[in-house]
Amino acid sequence: MTRRRLGVCYFPEHWDPADWPADAAMMREAGLDFARIGEFAWGVIEPEPGTLNLDWMQDSLDLLHAHGLEVVLCTPTATPPKWLVDSMPDMLATDRNGQTRSFGSRRHYSFSHQGYRRECARIIRAVAGRFGTHPAVIGWQTDNEYGCHDTTISYSPADLAAFRDWLAQRYQSVDALNRAWGNVFWSMQYGSFDEVDLPNLTVTEANPAHWMDYRRFAAAMVAAFNQIQVDILRELSPGRDIIHNFMGRIVDFDHYAVGAQLDISSWDSYPLGFLDQQRDLFPPDHRKTFARAGDPDFQAFHHDLYRATSNGRWWVMEQQPGPVNWAPNNIAPRDGMIALWALEAFAHGAEAVSYFRWRQLPFAQEQMHAGLLRPDRSKAEAFAEAGRVATLLADLDWPETTQADVALVFDYESCWAWTTTPHGEMFDYFRLVFETYRALRRLGLSVDIISPHQTASRINDYPLTMIPGLFACPPELAEAVATATGRVIIGPRAASKTADFRIPAGLAPDLPEDLRPVTVTHVETLADGLEIAVEDGAFQVWRDFAIPHPDAEVILSSADGRPALVRRGALDYLCGWPDKALFASILAQACAQTGVTTIPLPDGLRLRRAGNQAFVMNYSDTSFDLATLGSSPEILHGDSIVPPSGFAVIRL
């Protein structure tokens, strides 16, 4: 039985130590199990070079432990202090325009800088050497929010030197690099690796293969930086879980690679901030409808994504407790949503949810960000809602999350590729995969997100697998698709390049000849408002012009007579980006043909299945009668009328 914990992010260094005992007592009153501390504290830990100040951390750990609270301790490397920056100013990252980023906020470092890596190792050894076996410490968070504030990719001299070395190791000879990149075009040939520059300041677009390798390099630097921390923590704090807190829609490094180093992946869930910020995903009417609840699918998508990155173990490290301070508009949640967001995470299998933050700050950049307490120590609205979650964790018989009926492949390299060459202003890989996910969820389905490499071993676990927009198809994935026992739907724009960013010799999709249903001869991108009619809906954004294989069957055609969905054996090729209605039709038919039971849901109501049981979440502002789901489900928790922000558990 999975233990479920509820926690809070706490910054004892921000407050008078005289307040600490009352803080710990109130945390227990709220039903909290743990606190996360220390992620931004380097300047307090080491106020000047070589002078360590760790007694305050010792006192806070001892106090929290005495009150029965566990602790996730953080490495402080997201905020290097001023004296360190001054000692080696070339550790600062450089933005895409060549401007050096300055001290004064956070995440002001380049992952590539060897000197900074050594300093990080030194301070982690000092902290973990002192507290690695402290009885309060149950886990470690490495750094904080890799990639946040557009900090994955840097263009500094340190990055250039590291990139040249990375290329030399990857290609071994500059002739091999020239061939792989196609540098004969525009006379871009290099005579040595030392001639290779960064791709950011070219007159017009840089070679897409150059960009792709630079994004691969940047992702490798994140993984290498994290691995240094993981190795030290495993040495000095054995038996404790190692965690990193990812962010929403940060796609410029490979979370699967970093997650493989961890025991637990976590992420920072801010539903209202994301809804107002991600405006390409959520049109104005949608943002208005869900302004106080958040999008019904965005959090769930990331729950399922990060569950996939670390072999099923995952947390929410920061959960929104009220208005945030960083979105275009910072709206207060509807009553009950602060609890529902946490309950939804547990429904998706989270081992822990931690609210950010304990007490609202009266100073600095985040003073308008809500906490469980107000600056004057009075209880904010979230305090009671956190207590409600704690009660349910203790009282409810939580069914274990089980394997979903549908798999959805998400690939970080595809994000990088189609960011480099979107070919149309509206094409975005994340959006394509997310719209596939939400179309499945509107049918009442649970979804397992998997990587292309995981697909090779897991594809036969699912009656239906979706692979939209995949940049390049690894050989092991092609072999898995060829032997799939369930239905596989690929496309649009799937396997349309090789790993070297070339159009395949036999055109797309780049699959074995005895497997692929179509040959894509050319493509088009569709401007906003321009659609291609298809039975039950339309294509938008993107269309592949495809010639079916002689052994394939055209399942759907567009109004202009072009193939829209083509089937060969167990493999379907989707020749365009469906709108909401077409997605619903195609997926409902695929589920019916593969024996997957669907339950069409109204906007705002979502299910997460657990065997023959299901968690019900109501994001809408109206009540919902569960009897309308059909077959009068047995109510295991909650009521048959689920109110706005309501939560129930049913047996299907």
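Predicted model: local features only at pLDDT ≥ 70, side-chain atom pairs only at ≥ 80, totals over all residues.
**Salt bridges, strands and pockets**

E513 and R516 form a salt bridge, with their closest N and O atoms 3.5 Å apart. Is R516 buried or exposed? R516 is buried, because its relative accessible area is 7% and the cut-off for buried is under 20%. E513 is partly exposed, with a relative accessible area of 46%. Elsewhere, salt bridges that share partners join D295, D297, E344, R438, R441 and R606 into one network.

The structure holds 47 salt bridges. Take two others. The side chains of E366 and R357 meet at 3.0 Å, N to O. R357 is buried, at 2% relative accessible area. E366 counts as partly exposed, at 21%. The side chains of E381 and R374 also meet in a salt bridge, at 3.3 Å, N to O. Here E381 counts as exposed, because its relative accessibility is 55% and exposed means over 50%. R374 is partly exposed, at 30%.

Now turn to the strands. In a regular strand, side chains alternate between the two faces of the sheet. Look at β2, residues 34-37. F34 and R36 point one way from this strand, while A35 and I37 point the other way. All four of these residues are buried. Strand β1 (residues 5-9) pairs with β2 in the parallel sense, over 3 bridges. In this pairing V8 stands opposite A35. How does the chain get from β1 to β2? The chain passes through helix α1 (residues 20-29), and this β-α-β crossover is right-handed. β2 also pairs with strand β3 (residues 70-74), again in the parallel sense, over 4 bridges. There A35 stands opposite V71.

Next come the open spaces. Rolling a probe the size of a water molecule over the atoms shows where empty space is left. The largest pocket has a volume of about 1100 Å³. Of its 43 lining residues, F40, S105, R106, Q365 and E366 are the closest to the centre. The lining divides into 19 nonpolar, 15 polar and 9 charged residues.

The second largest pocket has a volume of about 570 Å³. It is lined by 22 residues, with D150, R215, V251, D252 and T419 nearest its centre. Both α15 (412-420) and α16 (429-442) give two or more residues to this lining. Which element gives the largest share? Helix α15 does, with 4 residues. This lining divides into 11 nonpolar, 3 polar and 8 charged residues.

Technical notes
Residues numbered from 1 in each chain as written. Heavy atoms only, no water. 1 Å grid on protein atoms, 1.4 Å probe; cavity = no way out; pocket = protein on both sides within 12 Å on 5 of 7 lines; lining within 4 Å. Points joined across faces, edges and corners; volume = space filled by probe spheres on them. Nonpolar A, V, L, I, M, F, W, Y, C, P; charged D, E, K, R; others polar. Buried < 20%, exposed > 50% of the residue type's maximum accessible area, 1.4 Å probe, protein only. Pairing = 2+ DSSP bridges. Right-handed = clockwise from strand over helix to strand, strands pointing away. Salt bridge = Lys/Arg side-chain N within 4 Å of Asp/Glu carboxyl O.
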